[in-house]
Structures are given as structure tokens and as C-alpha cells.
Amino acid sequence: MSKLTKNQKLALEKIEPGKTYTLKEAASLVKEITTTKFDASVDIDVRLGVDPRKANQMVRGVVSLPNGTGKQVRVLALCNPDQEAAAKEAGADYVGLDEYIEKIKGGWTDIDVIITQPAIMGKLGALGRVLGPRGLMPNPKSGTVTQDVAKAVKEVKQGKIDFKVDKAGIVHTSIGKVSFSSEKITENAKEFIATIIKLKPTAAKGTYIKSIYLSSTMSKGLKIDPKSVED
């Protein structure tokens with residue numbers, strides 16, 4: 001086990017063992033306990049009282065974070081020629097169709113999001129083995145299969161993300177950067193959790209939001225009181 005650095009020890013001293021923080025407290029503290037030299041991501045983990053193995057308890061959706069994610073998202077727009085100019089103007093990093101499909105078949109996946117049109121999805125079926133495991137396959141539920149490619153590109157560039165509960169019943173995503181103010185981190189977290197609450201399956205019984213933890217890329221997780229999110 002590697003030794004803790006001086007900064008890491010100081011960071012741990014700021015965390016009260018067993019304490020449950022308010023969202024505002026955690027958003028401020030996560031900045032203080034992050035010792036990385038790079039601008040670390042701020043992550044949120046929400047454990048839900050659902051059984052993801054049952055289709056009627058699956059939680060999946062999209063949310064537009066009010067302050068963005070702070071990440072440079074590389075977007076590929078696979079569209080017909082009549083939408084290419086608009087997609088480029090909206091901020092797509094790569095725009096085209098057949099040439100990019102061939103590149104992906106060759107193993108190219110240097111992108112974060114693919115946005116396409118419904119009529120083009122048939123061409124992407126052969127790319128399932130490449131895109132599926134990397135979470136890159138466009139999906140109507142996440143808004144990445146749409147007639148208005150330019151609008152979808154703009155939304156993703158401005159901070160729209162999609163999320164999905166995992167097998168353990170946890171939704172995990174990044175909601176900003178440590179360089180964000182604590183207010184911006186709080187606003188993004190509230191918007192994300194509010195969206196999850198709206199998506200509560202009718203089949204879910206008992207406590208829906210079981211726990212919330214906030215952390216940065218290499219920091220310890222801070223337990224948050226779910227009630228404080230509503231403040």
C-alpha cells in the first residue's frame with residue numbers, strides 16, 4: 001500500500017468519520033479534499049431502491065446540467081448532406097456519414113458521443129460490436145437519434161448527459177469539475193437528482209433514493225443527506 005502524501009493526509013483530516021453532509025457542505029468540501037494537480041471531475045453516485053433486472057424498474061434518462069460538465073465532449077454527427085452544415089455550425093467535431101462508418105469499422109472510436117438520424121440507424125447495425133461495449137451506440141431514449149441533428153449536437157456541447165442505473169442499482173455520473181464554484185456543483189447535483197426523482201418507476205417500492213455520495217476523481221466519497229438536496 002502506497003504512503004499518503006502530506007496533502008492527502010491534510011485532506012483526510014477535513015473529513016469527519018461517519019458524518020452525513022448537506023449537499024452544500026459536500027460541494028464545498030469536495031473542492032478542499034481534492035489534491036490532484038489536474039482539474040479533477042466531480043462525480044455523484046446515487047443508490048436507488050430499484051431492481052434493475054426487472055424492465056419495469058429500469059431508470060434511464062437524460063439531463064441538461066445548468067452549468068455544463070466542464071468536459072470537452074467530442075461529437076460525431078452521422079447525417080445526410082442536407083444537415084451537415086447545421087451540425088458543423090452547432091459544434092460537431094466530426095461530420096459525415098459513410099467515410100466515418102468505414103473508420104469505425106476499422107476500429108476508430110476517438111469520440112465521446114455519436115448523433116445520427118433515424119433513417120441512418122440501419123447502417124449502424126454492423127457497428128454494434130465496436131460501439132456497444134463503449135457506450136457509443138446512438139439511442140432515441142438518450143436523444144442521440146433525432147431528425148434535428150444540429151439541436152442535439154448543441155445540447156450535448158452545452159452539458160446534456162445521459163445516464164442509466166447499473167446492475168447494483170447505482171446511477172453514477174460526472175456533474176462538473178473541481179474548478180467549478182461550490183454553487184455550480186450544487187446546482188448541477190440538484191438538477192441531476194431532480195431528474196432521477198421524476199423518473200421513479202411506479203413499480204419501485206420503499207425508499208427510492210437510498211444514498212447519495214459526492215467525490216472527485218481521486219478523493220474519498222462524502223455521504224449526503226438526501227433531504228438536503230431539496231433545500
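**Helix packing and loop contacts in a predicted model**

Gly-91 sits in the loop that links α3 to β4 (94-96). Helices (H or I, at least four residues) and strands (E, at least two) are DSSP runs, numbered from the N terminus. The model is predicted: local features need pLDDT of at least 70, side-chain atom pairs count only at pLDDT 80 or more, and totals for chains, interfaces and linings use all residues. Residues are numbered from 1 along each chain as its sequence is written, and side-chain values use heavy atoms, with hydrogens and water left out.

Gly-91 counts as partly exposed because its relative accessibility is 27%. Buried means under 20% relative accessible area, exposed over 50%, and partly exposed in between (1.4 Å probe, protein chains only). Gly-91 touches Val-153 and Lys-157, when residues up to four places away in sequence are not counted. Contact means heavy atoms within 4.5 Å. Gly-91 and Val-156 are 65 residues apart along the chain, and their C-alpha atoms are separated by 9.5 Å.

Val-153 and Val-156 are among the buried residues of helix α7 (residues 149-157). The arc is that of the directions from the helix axis to the C-beta atoms. An α-helix has 3.6 residues a turn, so residues three or four places apart point the same way. The buried residues of α7 pack against β3 (75-78), α3 (81-90), β5 (113-116) and β6 (160-164). Just after α7, Gly-159 takes a positive phi of about 120°.

Thr-116 belongs to strand β5. Thr-116 is buried, with a relative accessible area of 0%. Leaving aside neighbours within four places in sequence, Thr-116 is in contact with Leu-78, Met-121, Leu-124, Pro-138, Thr-144, Val-145, Thr-146 and Val-149.

Strand β5 is also a partner of helix α4, whose buried residues pack against β3, β4, β5, α5 (121-124) and α6. In α4 (residues 98-105), Tyr-100, Ile-101 and Ile-104 are buried. These three are on the same side of α4, because their arc around the axis is only 105°. Gly-107 follows α4 and has a positive phi, near 110°.

A further set of contacts involves helix α2 (residues 23-32). Its buried residues are Leu-23, Ala-26, Ala-27, Leu-29 and Val-30. They pack against α8 (182-198), β8 (209-216) and β9 (222-224). Leu-222 is found in β9 and counts as buried at 1% relative accessibility. Leu-222 touches Ile-15, Tyr-21, Ala-26, Leu-29, Val-30, Ile-33, Ile-212, Tyr-213 and Leu-214, not counting residues up to four places away in sequence. Leu-222 and Ala-27 are 195 residues apart in sequence and 9.2 Å apart in space, C-alpha to C-alpha.

Ile-15 lies in the loop between α1 (6-13) and α2. At 15% relative accessibility, Ile-15 is classed as buried. Beyond residues up to four places away in sequence, Ile-15 touches Tyr-21, Ile-33, Lys-220 and Leu-222. The C-alpha atoms of Ile-15 and Ala-26 are separated by 9.9 Å, at 11 residues apart along the chain.

Overall, the protein has eight helices and nine strands. Its C-alpha trace spans about 55 × 45 × 35 Å along the principal axes. Of its 231 residues, 45% count as buried. Among contacts between residues at least 6 apart in sequence, 73% join residues at least 24 apart.
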